[in-house]
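Colleague: Before we discuss the architecture and the contacts, could you put the sequence and the model on the screen?

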Amino acid sequence: MFRRKRSAEDFAEEIKAHLELEADELRHEGLSDGEARRKAKSEFGNVGAARERFYMKDRWVGLDRLFRDVRFALRSLSKSPGFAATAILTLALGIGANTAIFTLVHAILLRSLPVVDPKALVRVGDHEDCCILNESASSREGSYSIFPYETYKYLRDHTPELEQLAAVQSGGADLSARQAVGNAMSHSSRGEFVSGNYFQTFGMRSLAGRTLMPTDDADGAAPVAMLSYQAWQRDYAGDPSVIGSSFFMNTHPVTIIGVTPEAFYGDRLSEVPPDFYLPISQEPVLGFYSARNKTDLGWLFLVGRVKPGVAMGSLQEKMSGLLRQSLGELKDFQTVHGRELLAKAHVVLTPGGQGVANMQHRTQSSLYLLLGLAGLVLLIACANIANLMLVRGIARRAETSIRMALGAARVRIVRQMLTESVVLACLGGMAGLLLAYAGAKVLLGLMFTQATAMPVDVAPSLPVIGFAFAVSLLTGLIFGVAPAWISSKEQPANAMRGANRSTRDGSSLLQRSLVILQTALSVVLLIGAGLLGKSLNKLQHQNLGLEAENRVIVDMNPLKAGYKPEQLQGLYQQIEDEFHAMPGVEHVGLTLYTPLNGDTWSFYAYVQGQRAPDPGQDADTLFNRASPDYFKAVGQQVLRGRTFTPADTATAPGVAVVNQAFVKRLFKHGEDPLGKRFGVIDIKNSGDFEIVGVVEDTKYQSARDQPEAMFFAPMLQSAHMSPPKDLDSSLYAGQFVLHMKAMTPGLEEQVRKTLASIDPNLSVDHYQTFKKQIEESFSGERMIARLTLLFGVLALVLAAVGLYGVTAYGVQRRTQEIGIRMALGSSRGSVVGSVLRGAMLQTAIGLVIGIPVALLCVRTIKSVQSQLYEVVGLDAGVIAAAVCTLALAACIAGIIPARRAASIDPAKALRTE
Amino acid sequence: MGEYSGRMATQEKLDDRIALLQGTLDLLILKTLVLGSCHGQGVARLIQRQSEEVFLVDHGSLYVALQRLEDKKWISAKWGVSENNRKARFYSLTAKGREQLVEKIGEWRRLTRAMGLILEPANGLQAEEA
């Protein structure tokens, strides 16, 4: 639009040519050289004026005028630094909050994987249920997302529509990695098993060495792995000799063949990206589940690259058919019920540009909720500044009037005022960008407390800057339009006559409406903050069925240290003894997983003498193992019978302890559970465990949901947890709990030393207090609640300032009127009352509008509902608290100007102007 | 529309010259260019000469008008060399300009006829009868 067609130089050139041509002609007519030049020039007239006219009609003029407006705006803003500073600060907070959250929205939700042509990637499946699931139970209403290796191969080999189809492990592989040469330390690392065409699928080359190839994934191929750039830098200091060197991973030799590119972080955005990429062919050796060889165990996610021009709909149909053919081979799908399941089995193809979008799906609702809240705060800030601008516009009445009287067009005045708003907003936006950078970093820390190397960059990128700029521009227009319009409607004559005595005009009504809007919005935010805070409080202070005080949780993995099942009895005995001997330790409890640490096991339970539950019916029960002291260690109460004793060894008769929910679900008719028997996997096994005790319900999986049916077995009773020839990985304790008399400093060091003294190959993979573990399971909720509260307080302050401003301004303008009233006998009390009444009326209207809006929001917005725990929308306490807070703030904001009004001296007031 | 109208130059000894009516400069330029491409100075000279020195074209207005016609794509311009070897910007009529010229001439004819009818009704009537 501002592209100039012709430069002024070109035009000047043309005029010069004209003068020369004219002079030539005149000379030809017989004039002397000098005379010809002079005459040519004088005939042309004013050359400067011609150039000016050429310039004026040019399109650049628009831009130039804009510059002039901006310069004028800056000048006039610098004349009222107080106003400018208040406005810029308010805007910086509003725009900064929005930009900070948008930074995360952009980095997490909108960005694709840093791979070649991510648009061509497709994910086979639409959910991320993890990590090792029985295939007959892993669909969501028939939609499959997690596949056995055999099914993957079948799909891969029958879809020529895909350039590549890669399989990736749905969970991560726990690795203990140690360099073979020298006396290297072992690192507790994270691996991921991937198909041999993984890097080809993503179009990635290696930064150094070579990438994994399909031949590395063949049966009997030499064991190799690719190292991630981050792990290479972090654990091996970027040492090039690592490439091609030998490692021991979980005690097995593996050769490192290359390093991934720096930007690559795997097939998904994750708090803990993989350190090593290993071919699936190594899984039976390095993993613990032999999942590759089990045709009925889903453990792989699939990501493919589509050839150009392939129709997704027909590909999805075709792959669903292939899936049914492949699953049809499985025993589970050949029963009557299995065939029903098979008929419904299908896959949904989803865009794969973000890879496995688990993180995106998990954070989406929180992030959009926060963006909405930040938007509300910005709207309140806009209302505030619009108010300030109105006041400023009225104060500048005389100036505007003079400009109009001197012939400035209305459009010019409006444009000038709008330019000023936008300049203000952009200044605020720039400050906001800085704030956003810091804010996004803090947010990231709050959201992902466990992140080690999360590949999320919060440095302002082009889209973020663009967003901030767009928001600033919009903000400037929103808060600038009304004041600009009102001041342009000024009648010059009125203002010049000194109509400052009038107390009523359009702007005061608008000002009041803005204050009402602010009040309404801030009551929405306050109610939201109240509900979320209450919900968090309920979550934290509920009865989880455990005691977290003075407890420490230690993660370890004897599998990584190479223990055989028959060695475990000795190891567990040693751990119990050695840690018991540590000063201050009351109980030592071993287990697979502790409450709320994010891990669970589950099995179908078959009660002896009862009909088998139908497959596909939700008959899963949680399963865990417990050492004799475990229940005391986590503070889980025993209600009936007994817990385990050292006599419940691997060879002793099978026993189990169940929770109340288990009793309630499996013994519906109030039978006595003690002495009853049940088993897992198959109804044949229903005699495996005898129930010897009942414990209270404890929340293991999630603090939000009701406790699930759960049973505990002794540490080493395998029963039929896994097929006869396979290793039963459930025998390997994953954590132990130390119940201390008191927490002593240096405990962690002591724990690490003690474990290392038992076996140097055993490492403490993670150490934290039980309290911290529980707290961390609420970290998302806490962040949302805190931010909402922060936004709520910000909104409250802004609204109070807005109310104060409007009231104070009203008082100032009514000085004379109040003076006259007082001179006529009005009491100070009635003056205070009348001012306060006005302020409180606006607040009341705001409340009347805001409360139903807040309740409506809670009822209708899904992302709000998903945050609330045991809190209903209509919470009288929260609403009352919000109303009181707001009323108090309004009182304070109103009383200051009201007192000032009351202190007006009638004599002085009448004398002014 | 001030800058669009041709103006009589305010020079002494030119009292007998006539200020151009609004919009007529455009018409004159287009008409001049029908004969072939020409530079600005040539256009000015031609208009002056063909009007028997009655019109004196204000050069500032001329160049603004040329630029405006160029923007409207009625004429096109490119730098070239004049017959006496001077660099000059040559203007020529486009197809669109040609259409416009026909239309403008029509307009002008209607205008002059109407003016004639009002200013000299008798003549006008006679002319009608004749």
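Predicted model: local features only at pLDDT ≥ 70, side-chain atom pairs only at ≥ 80, totals over all residues.

Colleague: How many residues does domain 5 of chain A give to the contact with domain 3 of chain A?

Modeller: In the domain assignment of chain A, domain 3 spans 118-353 and domain 5 spans 557-764. Domain 3 of chain A brings 15 residues to the contact, while the number from domain 5 of chain A is eleven.

Colleague: Which element gives the most to the side of domain 3 of chain A that touches domain 5 of chain A?

Modeller: By class, that side of domain 3, facing domain 5 of chain A, holds four nonpolar, nine polar and two charged residues. Strand S4 (173-179), strand S5 (186-194) and helix H11 (336-344) of chain A each give two or more residues to it. The largest contribution there, three residues, is that of H11(A).

Colleague: Turning to the two chains, which element of chain B supplies the largest share of the side that touches chain A?

Modeller: The contact joins 17 residues of chain B to 16 residues of chain A. On the chain B side, at least two residues each come from helix H2 (40-50), helix H3 (59-71) and strand S3 (87-93). The largest share, five residues, belongs to H3(B).

Colleague: How many residues of the side of chain B that touches chain A are polar?

Modeller: That side of chain B, where chain A is touched, includes four nonpolar and five charged residues. The count of polar residues on this side of chain B is eight.

Colleague: Which strands stand at the edges of the sheet in chain B?

Modeller: Chain B has five helices and three strands, and along its sequence they follow the pattern α-β-α-α-β-β-α-α. The three strands make an open, antiparallel sheet in the order S1-S3-S2 of chain B. Each edge strand has a single partner strand, so one side of it is left without a neighbour in the sheet, and these edge strands of chain B are S1 (38-39) and S2 (75-81).

Methods. Residues numbered from 1 in each chain as written. Chains lettered and ligands numbered in written order. Contact = placed C-beta atoms within 7 Å. Helix = DSSP H or I, 4+ residues; strand = E, 2+ residues; numbered from the N terminus. Nonpolar A, V, L, I, M, F, W, Y, C, P; charged D, E, K, R; others polar. Domains from an automatic or database assignment. Pairing = 2+ DSSP bridges.
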